Amino acid sequence: MLGGIAGDIIGSRFEHAQIKTKDFELFSRQCTFTDDTVHTVAVADSLLTKTPYQVNFLRYFECYPNAGYGNRFRRWARSLRPVPYGSYGNGSAMRVSPIAWFYDSLDKVLEEAMHSAEVTHNHPEGIKGAQAVAGAIYLARTGASKEEIREFVEGRFGYDLGQTLDEIRPQYGFDVTCQGSVPPAITAFLEAGDFEDAVRNAVSLGGDSDTLACIAGSIAEAYYGIPQAILDEIYERLDEKLI
């Protein structure tokens with residue numbers, strides 16, 4: 001899941017910035033973890049301790065209340081009886097990466113991705129986004145080629161991955177839906193030459209850059225691994241609890 005966390009931290013300072021370029025300093029003092037990282041760690045915690053996802057999402061929200069959550073999640077976390085709210089936002093996809101490493105069959109990964117999503121994002125598009133990302137990570141870490149990953153995502157989930165980043169970038173804006181952010185984030189991985197390139201590709205689209213880079217980075221980690229220099233930078237920006 002460190003690839004997703006790295007993407008989140010690198011992309012954090014460009015959210016809403018619409019920079020539209022891959023030429024930027026990878027880390028600066030403005031880089032910080034956001035709700036993408038907090039939720040990703042919460043999912044991993046649930047897997048390791050067999051704690052229900054809802055319990056950990058609420059617990060981690062209390063620990064990190066200012067990490068940049070969406071308004072609907074914030075209302076959910078503060079309600080007396082939290083129930084799924086039909087979201088198709090990309091929050092389900094940004095937090096799913098630990099599941100793809102925890103289980104050793106594609107079917108189980110997809111099933112558990114659904115469970116992690118439906119606590120909040122029980123809209124079909126919210127579940128689909130989580131499953132597509134988890135499936136891509138699982139295939140990447142088990143030796144699938146990029147073409148096989150592309151065919152799986154398009155065939156299983158109906159996402160159109162036919163546009164290149166250069167075609168997507170000019171008109172792409174801020175979009176927090178799964179259907180509007182998961183396909184371009186996967187494309188950012190597919191067009192990359194290495195881990196760093198995948199994250200730069202995602203940030204260069206503009207829009208919800210931390211989540212795009214989180215998703216692209218989570219797949220790229222499984223395919224390429226992560227350079228030690230990037231790992232060192234992200235550990236400097238995490239507190240002891242998250243580490």
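Of the 243 residues in the protein chain, 60% are buried, where buried means under 20% relative accessible area with a 1.4 Å probe and protein chains only. What we are looking at is a predicted model, in which local features need pLDDT of at least 70, side-chain atom pairs count only at pLDDT 80 or more, and totals for chains, interfaces and linings use all residues. Residues are numbered from 1 along each chain as its sequence is written, and side-chain values use heavy atoms, with hydrogens and water left out.

Let me turn to the overall fold. The protein chain has 14 helices and zero strands, helices being DSSP runs of H or I with at least four residues, strands runs of E with at least two, both numbered from the N terminus. Along its principal axes, the C-alpha trace spans about 45 × 40 × 35 Å.

Now to one residue, Ser92, which sits in helix H5, residues 91-94. Is Ser92 buried or exposed? Ser92 counts as buried, because its relative accessibility is 0%. Leaving aside residues up to four places away in sequence, Ser92 touches Ala117, His121, Gly126, Ala130 and Cys178, a contact being heavy atoms within 4.5 Å. With Gly126 there is a further detail, in that the side chain of Ser92 reaches the backbone oxygen of Gly126 at 2.6 Å.

How values were computed. Buried means under 20% relative accessible area, exposed over 50%, partly exposed in between (1.4 Å probe, protein chains only). A polar contact is a pair of N or O atoms within 3.5 Å; within protein, one must be able to donate a hydrogen and the other to accept it, and residues adjacent in sequence count only if both atoms are side-chain atoms.
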